[in-house]
Amino acid sequence: MKTPNNPYAPKLARIVETEMENATVKTFRVVFEDQAYMQSFSFKPGQVGQLTAFGAGEATFVINSPPTRMDYLQFSVMRAGEVTTALHMLKEGDLVGVRAPLGNAFPVEDMKGKNVVLIAGGIGMAPLRTLLLYMLDNRADYGDILLIYGTRSPDDFCYKADMAEWGARDDMKVVETVDSACTLWTKCVGLVPNVLLDEKPSPGNAVAVTCGPPIMIRFTLEALGKLGFTDEQIITTLERRMKCGMGLCGRCNIGEKYVCVDGPVFTMAELRELPPEL
Amino acid sequence: MSQLTELKEAIRKALPDLDLVLGWREGYDALHAPPYHIRRQEDLEHLVFGPMCVNNLASQLMHLRGKKVGIIVKGCDARSVVELLQEKIVNRESLVIFAMPCKGVLDVKKIRRALDIDHAREVHFHNGTIEITSGDKTSSVELKDVLADKCLRCHYPNATEYDHFIGEPVEPRVSAEEAAADPAMEELAGMDLTERFAFWKTHMNRCLRCYACRNSCPLCFCRDVCLADSRDPHWQSQETSVREKWMFQMIHAMHLAGRCTQCGECERACPVGIPILLLKKHLNAVVKDLFNYEAGIDPTATPPLFTFKVEEENIKEIEL
Amino acid sequence: MMASLFIVSKDIPQWLAAMAKTRKVFATQRESGAIIFKPYDPGREVVFERESVTSCKEAVFPQTKVLFSYFVKKNPETGETAGVAIEESLNKPAPQAVVFGTRPCGTKGFLTFDRVFDCDRIRDPYYTSLRERTAFITLACDRPGATCFCHWVGGAPDDPKGSDALLTPVEGGFLVEAVTEKGEELVNEARSLFAEADEKRREEGAAVRDKAKGMLTPKPDLTDIGPALEKRFRDLDFWEDMTAACVSCNMCTYLCPTCYCFNITDESDGQAGVRLRTWDACMSQQYSLEASGHNPRPTRAHRMRNRVNHKFWYHPKEYGGVISCCGCGRCVKHCPGSVDIRRILLTALERKDEDAE
């Protein structure tokens, strides 16, 4: 029996496809068991969901497929702890629990008509994937799109098929970079913030969106500052340990804001208003 | 020169070469003296010493590894320091020990019960009695009725390992044999298995899993990676059942077998009065029987469970 | 408020028995020397002279709450998941409950829960179902102790806020005043045990309350505590000094009547499992530790900063200036290191004009 509006109760969803992105990241495509629910389900790019591996628990992931493609919901899971390890054990046909959508989204309306610079590091590409696909599906609404995506080594890239497709398009620019040179890699070498400085995107009528490990974010923000981007023009999406996803359980707070409900998307201007505790 | 003045003088001289000195300061009333860090000469004015200095400052040494630390110890606290030295958790070279001979510390819970007070404005110690002023009422109680249990059976009032010994050594209150005779242990030993299980079940039912016992223990050094919190591997359920609480306390006790110096911080820290020190005392008694060993006495000794002999004298494997 | 009534001490067990017929009753009781809040056991005496170590939040926010149980059905041939049956615990309605004899400070703790768990943004069905079924019969405090500071945060020893009935200890028994209809009902169910309180008793009750208020120490002005804490945010030396005695255990948060942080975990046994909501503590290192190994609050100083800021800065900022501390002093009184939150507040206020380096 179900209590209506029980915010803790996950909805069952079936895994229709899985894909190993790299050694530690596995992507799941899931569809709600309840067809009517699946049809009425809506979300905005950047919103997150709680995935349940029954027996191990819940963890938070961004929905990295865009709302413009609703055949399934896609989540990418990096193996790091109890829940993610259990999720990695699951395969096509297995059931997971989903509580979604949670949190806020990228300001895709405000971004219309602007040039967009996407800067991703490692698994930080996941939230930017949903945003990018959304923009590509509404291509006329947005200006120039530049994607800078860096990982430690060539093997670490996620969404390799997408990358090939995006790289082949003539209505956006893709720069793939790895931290240090290695054999068979003919593309860019260098840390993301340095590559960003080399690319010199103009801050005029532009928005920069960045996601990645804390150290990359720190230097990327510095680089964006050097390029003339203001705090209002910089958007980031944060990761924090989350449990409830409803602003109740406490742990994801930064000052009085909760990353799970007030975030995960913040502009730098918003973050400057909060205590510096990242 | 009073003992406190002498102590302050010794610290004043040592402080320039140290990152900090662990001491006790005046608390919210005269019965409490919380630990604090002396970093600057002016911090010394807050330093106090007396029967209200209950905390074992050795519990902090683990956090402070890599720093040059001074520590004030009572006889029992010194045993924890020695055990930490034996286990090579702390480095003798980065430690300056100020030893205070100790006549016993207070058990605030006993005072609350004996005098029914919630506030002590003033506390005075006379020979064998303690006089406490709360509100406009002054009451007096015999010290032996409000000293911590461990102090009533203390055999080590003076630190054996130190750099500065402040004042004169005091006579142990009891002999080693008397120290070993513990009425609470005897009572427990007198129970049959069913009674003993019922005893622990009632006590453990109250446990809040707040881990004040674990975190107050000077030797419980897994701290942030304790199996009680680990989800991967998943040793313990988060459920607040007697089974889970009991499981943790058993593991806690087992990990301290032959290491615990019986400073009693675990039991003192427990907000709901669970006699968890009994578990450790029991295991220490077993270790004493098997290996004739007592923890935290000799800095050069190897704790028996840190080593092994192919043929142990008192463990007859064939009989197991 | 209904007229004052009087009940003699020896009739209290009868009143409790009357209430216990249809309700779950919680009270402060002694167990092996510890004074704790727990389900009422008629074989034990109710303790009035001291407040319980544990707070009454257990009644509306139990330490362990099963959110739901589940069973994963496997296809025996393929090993694939055939289905998952989820059974919500909300299907079993909670019994009516009475919290008896707790002090006004701790009782009020659930008002903080109300703001968080039952607001415009969200209505937590697990909390509200227990909350709606619980009545609070509170005991006015007749002797604030050294760790009490309810008056700093808008409380008083006889504050009826949040209570359904208020008891005041007088010679031989208690004055009883119903504050809400629910309270009136609880009195009326055992009306024969109560007598009208005459003027002498009423005056005695007023004197007991006045005396308790007189025992409170002067209170500081906490109007600027938010900005004062903001000033100290980057001052980690300050927080390290303030937490020198902290062992980073969960006690302060578990005893706190207003601390509501929780964990959600699955505990399973083969294909069957439960999802639990359990108390969690911001003072523990795991609380904010991320899967990547990064921890935004890596030391006890960072964690204490968050705990204090949450109660006196973040929560007031989010909820119209209301401080989420009830001043009961449990965190001070029972802390193994006697860490005193009042000292942290006063020192921050003292240094409110001083910028961090």
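How many aromatic pairs does a search of the whole structure find over all chains? Keep that in mind as you read these notes, and remember that this is a predicted model.

1. **The count.** The search turns up 35 aromatic pairs over all chains. One of them joins Phe32(A) and Tyr37(A): the ring centres are 4.7 Å apart and the planes stand at 90 degrees, so this pair counts as edge-to-face, which needs an angle over 60. Phe32(A) is buried, with a relative accessible area of 3%, while Tyr37(A) is partly exposed at 22%.

2. **A pair in chain B.** Tyr211(B) and Phe248(B) also form an edge-to-face pair, with 4.8 Å from centre to centre and 75 degrees between the planes. Have a look at where they sit: Tyr211(B) is in the loop between helix 8 (193-206) and helix 9 (212-216), and Phe248(B) is in helix 10 (residues 242-255), so the pair ties together parts of chain B that are 37 residues apart in sequence. Both Tyr211(B) and Phe248(B) are buried.

3. **Chain B as a whole.** You'll find twelve helices and eight strands in chain B. A compact globule of 320 residues would have a radius of gyration near 20 Å, and chain B agrees, because its value is 20 Å. Its C-alpha atoms fill a box of roughly 60 × 45 × 40 Å along the principal axes. Buried residues make up 54% of chain B. Of the contacts in chain B with a separation of 6 or more, 66% come from residues 24 or more positions apart.

4. **Chain C as a whole.** Chain C has 13 helices and twelve strands. Its radius of gyration is 23 Å, close to the 21 Å that the globule rule gives for 357 residues, so chain C is as compact as a globular protein of that length. The box filled by its C-alpha atoms is roughly 75 × 65 × 40 Å, taken along the principal axes. In chain C, 63% of the residues count as buried. Among contacts between residues at least 6 apart in sequence, 70% join residues at least 24 apart.

5. **Surface and charge.** Chain B has an accessible surface of about 15,200 Å², with 54% belonging to carbon and sulfur atoms. Chain C exposes about 13,800 Å², and carbon and sulfur atoms supply 50% of that. As for charge, chain B carries 40 positive and 48 negative side chains, with the centres of the two sets 4 Å apart. Chain C carries 49 positive and 51 negative ones, and there the centres lie 2 Å apart.

Conventions: Residues numbered from 1 in each chain as written. Chains lettered and ligands numbered in written order. Predicted model: local features only at pLDDT ≥ 70, side-chain atom pairs only at ≥ 80, totals over all residues. Heavy atoms only, no water. Helix = DSSP H or I, 4+ residues; strand = E, 2+ residues; numbered from the N terminus. Rg over C-alpha atoms; globule rule 2.2 N^0.38 Å. Buried < 20%, exposed > 50% of the residue type's maximum accessible area, 1.4 Å probe, protein only. Contact = heavy atoms within 4.5 Å. Areas by Shrake-Rupley, 256 points an atom, 1.4 Å probe, with all protein chains shown as cover. Lys, Arg positive; Asp, Glu negative; His and termini not counted. Charge placed at Lys NZ, Arg CZ, Asp CG, Glu CD. Phe/Tyr/Trp six-rings, centres within 6.5 Å; stacked < 30°, edge-to-face > 60°.
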